[in-house]
Amino acid sequence: MLCTRLTNARFLTMDPDHPVAHELGIWRGRIVGLDDAVAALPAREVVDLQGATVLPGFIDSHVHLPWTGFKQNTASMAGCTRIEDALAVVAEAVAARNSPGSWVSVVGYDQRALGRHLTATELDRVSQGHKLYVLHDSGHGCVVNTAVLDLLAADVPHENGFLAEGAMGAARALRLPYSQEELAQSIGRAARSCVAEGITACAEAGIGGALFGHTPVELGAYQLARDKGLLPLRVQLMVSADRLRPVAAHEADGIPRALDLGLRTGFGDEWLSVGALKIFTDGGMMARTAALSAPYEGMDHAGQLQDDPEVLTRSIVDGHLAGWQLAVHAIGDRAADVALDALEEAQRLRPRPDARHRIEHAGLIRPDQLPRFARLGIAAVVQPNFLRYFGDDYAAIMGAERAPWLYRGRGFLDHGITLVGSSDRPVTDGSPLRAVQFMVERASESGRLIGPDEGITVDEALYAYTVAGARACRWEDSAGSLTPGKRADLVVLGDDPRRVDVSAIGDIEVVATYVDGREAGKPAA
């Protein structure tokens, strides 16, 4: 007997052997058959989906769950366009604390909306003895007040209280870690937001590191979230390369640095597992720290690498030698050069044809870099909604020649490069459907077309959020398509993305999300 039979729907399976179905049978969280194979079988529950369209659950291959959850519960200056209004938000957050000397966090900071960066002196005026930490929306910078600057080493660089990249990490290190309970609750809030948008699995893009880590025991917070029933979707954890340390392994293993006990990609189960090793090579475009090969348009700098190229190369090579899948953060084209050179060297030293290495973001990729991606078998994990919401700004700072190279689609596919969709939540909107819409039409919110020749088809965009996402996370045997034997993870939509006008894809209703054969948010029968 089936546990559940879903009927009266249009199942877009993403499986070329059976592309469209109308019935789907589920037993113990797995798909057991489609159409005639299950239509006559008895089931404990028969769900009439009333003509809805059903797809494999979306896979968001690059998210930040704790950051998302904390951002939802933290004072925010998002939407402020005047310095005075931003400072008023900070003042209100300070007033809500009655313990002078404690830390006060504010999120939603973006100097572009304000016209310039806030300064430490301005924050001092509203700090009332507290230590202020105002996080940039990109996650690659912050503004702090003098009380924080006084605690930093004299050689930590800042610009009137604005700290970028490694300097921001130094400020973060001054704070006590979050508790596992706080993190678990934050993870749970963010996970529920993902499920509401049809996401059934995601890859957390960096735990335990100086830039995005929240505690040295961060993996335990995910285990706690799972134990407490706060994790309604599957999560794969990227571990920051900061956590690697020299090990005295047998020389035959060829492992110079590793996590304790040799832990690496693949450890865990179908709900919570260790994924890629996360390595940062540069910053971000919002903060103007993405490393470019030529200066930003109208500016006198070209961003920055996170470290010397030799140091970055060593981390990438050591991670490869230790058996990890690598997720290399590279937004600017100079950073991509460093990443490609290092990955090529790693494969030369120890060939691993199925390493599945990824470049996260791949924000600005020159035409000459595309063949190298393809030759090395590297997946491009992009965030289409960056251009949907920030495209006007990004196009302006890249200039007319480089703007068409931003967050490519067609260029990757035409070179045989695996194109993977993701959000980088909470940097911007996490909706896969809105991202799919952008991937096809390449239009920002203002209507500006950005690299229209990089547009792809609806089917190709859906593939990036299902089949390609599963492959990038090494889940292709159990997720990504509605195929018998795979997990019964699926999303029920109010309309068919392939049949509506492209401009309407982002507004399609997510009717329900099923994970492990059960509608998320509903108790087990």
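The model is predicted, with local features needing pLDDT of at least 70 and side-chain atom pairs pLDDT 80 or more, while totals for chains, interfaces and linings use all residues. Residues are numbered from 1 along each chain, and side-chain values use heavy atoms, without hydrogens and water.

I then looked up the axes of α3 (residues 83–95) and α5 (residues 120–127), which come within 9 Å and cross at roughly 40 degrees.

I turned next to α13 (residues 384–402) and α15 (residues 432–441), which pack at about 80 degrees with axes 8 Å apart. α13 is therefore roughly perpendicular to α15. Among the residues of α13 that meet α15 are Pro384 and Tyr389.

Last, I checked helix α10 (residues 309–321): at 1.5 Å a residue its 13 residues should span 18 Å, and the end C-alpha atoms are 18 Å apart, which agrees. The expected span is 1.5 Å times one less than the number of residues. I listed its buried residues (under 20% relative accessible area, 1.4 Å probe, protein chains only), including Leu312, Ile316 and His320. Their cover includes β14 (272–280) and α11 (333–349). After α10 comes Gly323, with a positive phi near 95 degrees.

Conventions. Axes are lines fitted to C-alpha atoms, for helices over the stretch in contact, and angles run from 0 to 180 degrees between N-to-C directions. Helices (H or I, at least four residues) and strands (E, at least two) are DSSP runs, numbered from the N terminus. Buried means under 20% relative accessible area, exposed over 50%, partly exposed in between (1.4 Å probe, protein chains only). Contact means heavy atoms within 4.5 Å. Angles under 35 degrees count as roughly parallel, over 145 as roughly antiparallel, 65 to 115 as roughly perpendicular and the rest as oblique.
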